[in-house]
Amino acid sequence: MPSASPSPVPAPYAVPFAELALANVVREYPNAPAHLYAGPEELVAPRTLHPAFYGGFDWHSTVHMHWLLVRLLRRFPAGGELPATLTTRIHQVLNTHLTPRNLAVEADYLRGRPHFERPYGWAWLVALAAECRVLGTPDGDRWADALAPAVDTVGDLLTGWLPRATYPIRHGIHGNSAFGLGLILDAGERAGLTAPVLDAVADRIRDWFSADHDAPTHWEPSGQDFLSPALTEADAVRRVLPAEEFRGWLAAFLPGLATSSLLTPPVVSDHADPYIGHLLGLTLSRAAALRTIAAALPEGPERTALTESAEAHLTAGLPTVSSGDFTSDHWLATFAALALDTAPGH
């Protein structure tokens with residue numbers, strides 16, 4: 001694949017990212033359903049449980065691969081870097097999956113299982129709905145309208161869960177509280193979440209993290225992280241504090257950040273191992289967080305160090321996105337798009 005380039009997603013990535021996403025969202029097997037079977041009558045095919053989001057190995061990955069397809073449509077209108085034939089294929093898949101009937105089933109599934117995919121999958125569903133709405137086309141609006149009941153369900157689930165979530169989850173995998181809630185803050189208004197729900201999300205981030213200091217960065221990375229607990233938390237707090245207050249908080253939370261081990265790309269010893277391979281995603285999610293945190297800092301050595309580290313992480317991570325190995329191909333392109341698409345204004 002091409003070498004690292006500035007954001008937004010550079011044109012050479014449009015076709016390979018789209019092909020990866022198209023292949024994954026319709027691939028029903030292998031499948032790792034996170035479904036608690038209540039009895040033998042529930043032993044059904046994945047697409048019966050999830051008629052919209054049955055592919056891509058697991059529910060959250062297929063949701064965010066749908067997000068990637070819509071993001072690419074927005075970044076690259078038909079007739080440009082995305083060939084018309086590829087754009088047509090994307091529309092065909094999205095028109096087949098993102099229907100009111102299919103998404104009503106998905107919404108009912110979420111409502112009946114309030115712990116399912118909390119908060120990671122919820123966040124990607126909200127991000128998908130927002131991306132459909134921002135696309136600004138009749139198809140995009142139709143997909144966003146079809147997603148609205150599922151988004152409303154996520155809003156209700158957040159309203160029920162946040163008051164009971166006394167403590168955050170800080171590890172570097174799916175349950176990470178900061179990543180999911182940060183993504184919801186980014187996309188929630190455009191997706192149709194109400195102001196009270198988004199205010200509750202922001203309040204919970206402040207409640208959880210505002211007193212934190214001296215993050216144990218020497219503990220990172222853990223062996224299957226695809227998120228940096230420290231950088232993900234900092235990126236979430238960035239979203240809810242005024243700029244000057246955030247800078248003071250960051251200095252206390254990550255003292256010496258400019259020389260921290262967080263700025264060195266992780267060693268990934270086995271790209272095909274589904275858990276060690278998570279560290280490939282860490283290189284990309286760190287790049288995204290480093291870019292947005294750097295953009296919140298004044299010009300100076302720390303901002304420069306973070307920006308240079310983000311580019312080093314991209315250089316390490318981008319060549320791994322399309323390997324031909326399903327264990328990484330089913331999800332990494334989404335994190336590459338986030339990393340490439342996180343410059344201010346995008």
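Colleague: How do α8 and α9 run relative to each other?

Modeller: Roughly antiparallel. This is a predicted model, mind. The axes of α8 (residues 177–191) and α9 (residues 195–209) cross at roughly 150°. Over 145 degrees counts as roughly antiparallel, so α8 and α9 get that label. The two axes come within 10 Å.

Colleague: Left-handed or right-handed crossing?

Modeller: α8 passes α9 left-handed.

Colleague: Which residues in α8 meet α9?

Modeller: Ser-177, Ala-178, Leu-181, Gly-182, Ile-184, Leu-185, Gly-188 and Glu-189. On the α9 side they meet Leu-198, Val-201, Ala-202, Arg-204, Ile-205, Trp-208 and Phe-209. By class, that contact has ten nonpolar, three polar and two charged residues.

Colleague: OK, next pair. What about the axes of α10 and α11?

Modeller: Helix α10 covers residues 229–238 and helix α11 residues 243–253. Their axes come within 10 Å and cross at roughly 165°. That makes α10 roughly antiparallel to α11. The crossing is right-handed here.

Colleague: And which residues meet there?

Modeller: From α10, Ala-230, Glu-233, Ala-234, Val-237 and Arg-238. From α11, Phe-246, Trp-249, Leu-250 and Phe-253. Seven are nonpolar, none polar and two charged.

Colleague: What is Trp-124 in contact with, beyond four places in sequence?

Modeller: Among them are Val-63, Trp-67, Phe-179, Leu-183 and Phe-335. His-64 and Thr-334 are also in contact with Trp-124.

Note on methods: Residues numbered from 1 in each chain as written. Predicted model: local features only at pLDDT ≥ 70, side-chain atom pairs only at ≥ 80, totals over all residues. Heavy atoms only, no water. Contact = heavy atoms within 4.5 Å. Axes fitted to C-alpha atoms, helices over the stretch in contact; angles between N-to-C directions. Helix = DSSP H or I, 4+ residues; strand = E, 2+ residues; numbered from the N terminus. Parallel < 35°, antiparallel > 145°, perpendicular 65-115°, else oblique. Left-handed = near helix turned anticlockwise from the far one by under 90°. Nonpolar A, V, L, I, M, F, W, Y, C, P; charged D, E, K, R; others polar.
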